Amino acid sequence: RERHSTQLDCLTHDDSSIMSGVAFRNQKQETRMTVRSRWEVMGLMCVTAAACAAGPVVRYVSPQGRDAWSGTAPAPGAAAADGPFATLARARDEIRRLKAAGELRGGATVFVRGGTYALPETLVFTPDCSGEPGAPVTFAAYSNETVVLSAGRRVTGWEVKDGRWQASLPDVAAGTWSFGRLFVNNASRARPRLPRDGYFFIRGSLPSSPAVRGKNFDRFLCGTGDLSASWSHPTDIELHLFHCWSTSRLRLQSVRGREVTATGSTFRSLSRGTRYLVENVKEALGQPGEWYLDRPTGTLTYLPLPGETADRAVVVAPYLTRVLELRGDADRQTWVHDLVFRGLTFAHANWVTPPKGHCVSQAEVSLEAGVLAQGARDCVFEACAFTHTGAYALELGQACKRCRVERCAFTDLGGGGVKIGEPASRGEDERVASHNTVRDCLFAHGGRTHPAAIGLWIGRSHHNLVE
């Protein structure tokens, strides 16, 4: 089958010209085939009529639904015997089943009712979930309702004491969960940082630790009293250092007098005058709107803003690093194609500073994205929102071609907005991202965690339109 879209026109006028032909058109050529038999034309018309009669498939997803239902109605029936699906994963699997059975004629639309869908795992689409040219598979918000696909978990069970809210998170205590951002009533909240205003400055360089190889650095001299050896859980404290083109995030290992040592190293020089912040210090928690996660005990503490109450606040902590993934296979050249996502919000993708820290030369290009496409062809994100991310929002990576991002909003980003392509060359063009479009989108309030990230990055990629 041709990779490019093919259009079939049946030319039927009167009985004398019914055998005039069938025209096939695509982007590269136009071929005209002569039909030699009236029976061939009649057979073609019957097949075409059957396909048109089948029409596009329509399914529904709702927070009031059940995955055991058929998904063919937008709301539960009066007897609650049938109705919409409960999850997008179930709807995706239904599309996959219909496609395998040859019943996906004319495309499909999955309408998603309003609500927040907390994903237990990343929502993954593979080639067998694809639509067809001119007949895509569409996941769309139902009647402009607000649909949030969340990679986070809602925090409940607060205990209030002396104006502080505290919640116990067993998965954190068990070491299977951590997070670096928190959202209350759909707004970002900050961890405690020092200094409260401005920056600390490195006062002098130190020789690197013996374990550090090459021209890397993990030690420096701080100002008197800037850092303390008595702080709790030092490896959970982060040193955010600002360089030319990039920043380094290093975890604190120890403070001895004025000598500061990190758990990992950076290739950026830690020299006199380098400015930095110290984040996530338990002893610095004290301002309304701040929070602190005590990982060893699994205790989350939040200091509410005026007017916030524990019984009514919606508190969400990021859990999954990725909300959505389009997973084609460049090695086999099997693509995820003709998928449309319309009017959906992708939120709360997680990012946690690695044990040895993080630093990249520029644009934070190595950061993951909350929505990742690889090997995607002719896919669309339209009128969607990407928000409350830990790192980048959307990546059109290896072998993504002719994808379109239009009328989308990218806000409150831990890192940057959109990445197209890859930092390293992939050789043959089938593996290269190209011919993608980003049009009429809003990028605002990025770099919350990674200020060196950027709105839109393109690398090792060609023929893209940014408008």
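View 1. Buried here means under 20% relative accessible area, exposed means over 50%, and partly exposed is in between, using a 1.4 Å probe and protein chains only. This is a predicted model: local features need pLDDT of at least 70, side-chain atom pairs count only at pLDDT 80 or more, and totals for chains, interfaces and linings use all residues. Residues are numbered from 1 along each chain as its sequence is written, and side-chain values use heavy atoms, with hydrogens and water left out. You'll find three helices and 42 strands in the protein; these are DSSP runs numbered from the N terminus, with helices being H or I of at least four residues and strands being E of at least two.

**View 2. An open sheet of six strands with parallel pairing.** The order is β7-β26-β31-β35-β38-β41. At the edges sit β7 (123–125) and β41 (456–459), each pairing on one side only. From one strand to the next, the twist averages 15°, with axes fitted as lines to C-alpha atoms and angles running from 0 to 180 degrees between N-to-C directions. Look at β7 and strand β26 (residues 324–327): they run parallel and are joined by three bridges. Two strands count as paired if DSSP finds at least two bridges between them. Phe-125 faces Leu-326 of β26 here.

**View 3. Strand β24 (residues 299–302) and its antiparallel pairing with strand β12 (residues 164–168).** Four bridges hold this pairing, and Gln-166 is found opposite Thr-301 of β24. Strand β23 (residues 291–294) also pairs with β24 in the antiparallel sense, again over four bridges, with Trp-291 opposite Tyr-302. β23 and β24 make a hairpin with four residues between them, and Gly-298 in the turn has a positive phi of about 70°.

**View 4. Phe-341 and Phe-381, a stacked ring pair.** The whole structure has 20 aromatic pairs; rings of Phe, Tyr and Trp (its six-membered ring) pair if their centres lie within 6.5 Å, and planes under 30 degrees apart are stacked, over 60 edge-to-face and the rest tilted. In this one, the centres are 5.3 Å apart and the planes are at 15°, so the pair is stacked. Phe-341 belongs to strand β28 (residues 339–342) and Phe-381 to strand β33 (residues 380–382), so the pair ties together parts 40 residues apart in sequence. Both Phe-341 and Phe-381 are buried. They belong to a cluster linked by ring pairs, whose members include Phe-125, Phe-139 and Phe-443.
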